[in-house]
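Reader: I have a protein model open and would like to learn how to read it, one feature at a time. Could we go through it together?

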Amino acid sequence: MPGILPPNSYWTKDNRMGPALIRARKPFLIKNIVTGISIATFVIGVYAFTIKAVAQDDFSDVQIPDAPEQPPHTPHTGTLKTPPDLAELKRKGIKGT
């Protein structure tokens, strides 16, 4: 079985467009180029308008609040005990790692 899809007459065996596909696409080439340029122009126009509109905003009248006061840093006072000393483990007969 050479492939999952059946052979297509529009594409050559090395996956290039055949002459029939080139002829079929030819009438739409100019329309597709014009449509692509139109969409790209619209997107660039919306982007430029947005940047221009945001650049005009003046935030000088907005008061910025002071940073909240941070509490002093306190050391960790959890309930964990420090690990026992290796000598203490040997004295109790427990093997340390």
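Reader: Let us start with Arg-16: is this residue buried or exposed?

Author: A residue counts as exposed when its relative accessible area is over 50%. In this predicted model, Arg-16 has a relative accessible area of 58%, and therefore Arg-16 is exposed.

Reader: Which residue forms a salt bridge with Arg-16?

Author: The general idea is that a side-chain nitrogen of Lys or Arg must lie within 4 Å of a carboxyl oxygen of Asp or Glu. Here the partner of Arg-16 is Asp-14, and the closest N and O atoms of the pair are 3.7 Å apart. Asp-14 counts as partly exposed, because its relative accessibility is 49%.

Reader: How many salt bridges does a search of the whole structure find?

Author: That search finds one salt bridge.

Reader: What should I notice about the phi angle of Asn-15?

Author: Asn-15 is not a glycine, and yet its phi is positive, at about 60 degrees. As for its place in the chain, Asn-15 belongs to the segment that comes before helix H1, which covers 19-25. Its relative accessibility is 63%, so Asn-15 counts as exposed.

Reader: Which residues form a nonpolar patch on the surface?

Author: The patch is formed by Leu-29, Ile-30, Ile-33, Val-34 and Ile-37, which together have about 490 Å² of accessible area. Taking one of these residues as an example, Ile-37 is found in helix H2, which runs over residues 29-55. Ile-37 counts as exposed because its relative accessibility is 54%.

Reader: What share of the residues in the protein is buried?

Author: Of the 97 residues in the protein, buried ones make up 3%. The accessible surface of the protein comes to about 10300 Å², and carbon and sulfur atoms account for 64% of that surface.

Reader: Where in the protein is the confidence highest, and where is it lowest?

Author: Confidence is read from pLDDT, which runs from 0 to 100. Helix H2 has the highest confidence, at a mean of 95, whereas helix H3, residues 86-92, has the lowest, at a mean of 72. For the protein as a whole the mean pLDDT is 80, and 74% of the residues reach 70 or more.

Note on methods
Residues are numbered from 1 along each chain as its sequence is written. Side-chain values use heavy atoms; hydrogens and water are left out. Buried means under 20% relative accessible area, exposed over 50%, partly exposed in between (1.4 Å probe, protein chains only). Accessible areas come from the Shrake-Rupley method with a 1.4 Å probe; for residues, only the protein chains shown count as cover. Patches are made of residues with over 30% relative accessible area and no salt bridge: like charges are joined within 9 Å, nonpolar side chains (Val, Leu, Ile, Met, Phe, Trp, Tyr) within 5 Å. Helices (H or I, at least four residues) and strands (E, at least two) are DSSP runs, numbered from the N terminus. pLDDT is the predictor's confidence in each residue, from 0 to 100.
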